[in-house]
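Visitor: Could you walk me around this structure? I'm new here, so please keep it simple.

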Amino acid sequence: MKQPIRIGALVSGSGTNLQAIMDACELGDIDGSIVFIGSDTPDAAGLKRGRRLNIPTFVVNYGSIIRRYKKTPETVTVPDDFDLSTVLSKQTLFPADADGETVKAFFITRAAAEAKLLERMNPYPFDLLVLAGFMRNLTPYFIDRVNTVPDHPRIMNIHPALLPAFPGIDGYGDTFRYGCKMGGCTVHFVDYGEDSGPIIGQRAYEIFEDDTLASVREKGLKLEWELYPKCVKMFAEGRLKKIRETYPLKDGKKMHRTVVRILPPPKR
Ligand code: GRF
């Protein structure tokens, strides 16, 4: 018999996806509960959803760390166990030719923030960390300290587009402005890149001539609220298996990709 899972959540905004997951826990659809809610900004309305239910909440103010680094970089200290060259060798957020100072500033400020996040999360052991509208990229520093068991990813994200199309901060806007006739949302495990991790689930909707950005977002969000709890439920049931696939290509080369296989539901 599987134990109920302990779910940690990180939010930046209104937290409607978090609410959908909390509701599914409450209804017993997900065998689990939310054990903490963290945010990168004190203004996240999602924090209030947790406070109402007496779920522990905390804030690590990324913005203030980043502003401080711009003014007085020497006052932003990286954790003792942070090694810039290790992080740079793993990350795929920036291309190899990106401006060195920008990249360094990014990883130093994020490591400072992520060390605080890990510290705040520490009192609350968890099985799964859900990013529910958390608008910060996580770095290998943080990811490696959460994913400590090989081949058992445990950070999930929801993205408002049909990945691998339109990664980044404005999935619905990018889908709409491109003139797509279908849009969607994707739940995936987090890897070292931006919205590039192995896909767990996707939902799609049609875009019609009279749709607007607002109506596209509305259709997408409705699907997000169905999809995210379903994916968390599958995790709780132990049905998500990460595997490394190799596919032969026409030119004799091979393509490697880490994917998620969905195992059959448990027998009742
Ligand atoms: C969602 O569209 C999600 O896909 C994206 O940010 C939005 C968050 O909405 N990452 P909410 O905070 O869950 O209401």
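Visitor: Where is P164 placed?
Guide: Helices and strands here are DSSP runs, numbered from the N terminus (H or I with at least four residues for helices, E with at least two for strands). A cis peptide bond joins P164 to L163, with omega about 15°. As for its place, P164 sits in the loop between β5 and α7 (171–178).

Visitor: What kind of model am I looking at, and how are things numbered?
Guide: Residues are numbered from 1 along each chain as its sequence is written, and side-chain values use heavy atoms, with hydrogens and water left out. This is a predicted model, in which local features need pLDDT of at least 70, side-chain atom pairs count only at pLDDT 80 or more, and totals for chains, interfaces and linings use all residues.

Visitor: Which residues surround the ligand?
Guide: Let's go by distance: a residue is near a molecule if one of its heavy atoms lies within 4 Å of it. The space taken by the ligand is the largest pocket. A pocket is found on a 1 Å grid over the protein atoms alone, as an open set of points with protein on both sides within 12 Å along at least five of seven lines, and a molecule sits in one if more than half of its atoms lie within 2 Å of its grid points. Around the ligand you'll find G13, S14, G15, T16, N17, G133, I158, H159, P160, Y172, L221 and E224.

Visitor: How many disulfides does the count come to?
Guide: A disulfide is a pair of cysteine sulfur atoms within 2.5 Å. The sulfur of C180 is 14 Å from the closest cysteine sulfur, in C185, so that is too far for a bond. For C231 the closest cysteine sulfur is also in C185, at 8.8 Å, again too far for a bond. The count comes to zero.

Visitor: Is C231 buried or exposed?
Guide: Buried means under 20% relative accessible area, exposed over 50%, and partly exposed in between (1.4 Å probe, protein chains only). The relative accessible area of C231 is 1%, so C231 is buried.

Visitor: And N54, buried or exposed?
Guide: N54 lies in the loop between α2 (46–52) and β3 (57–59). N54 has a positive phi of about 60° although it is not a glycine. Its relative accessibility is 70%, so N54 counts as exposed.

Visitor: What is phi of D151 near?
Guide: Look in the loop between α6 (140–146) and β5, where D151 is found. D151 is a residue other than glycine, and its phi is positive, near 65°.

Visitor: Which residue's side chain does D40 join in a polar contact?
Guide: D40 lies in the loop between β2 (32–39) and α2, and D40 counts as buried at 5% relative accessibility. A polar contact is a pair of N or O atoms within 3.5 Å; within protein, one must be able to donate a hydrogen and the other to accept it, and residues adjacent in sequence count only if both atoms are side-chain atoms. At 2.8 Å, the partner of the D40 side chain is that of S12.

Visitor: How far apart in space are R244 and R257?
Guide: R244 lies in strand β8, and at 55% relative accessibility R244 counts as exposed. R244 and R257 are 13 residues apart in sequence, and C-alpha to C-alpha they are separated by 5.8 Å.

Visitor: What separates the C-alpha atoms of V232 and I200?
Guide: V232 is found in helix α8 and is buried, with a relative accessible area of 0%. V232 and I200 are 32 residues apart along the chain, and their C-alpha atoms are separated by 9.6 Å.

Conventions:
1 Å grid on protein atoms, 1.4 Å probe; cavity = no way out; pocket = protein on both sides within 12 Å on 5 of 7 lines; lining within 4 Å.
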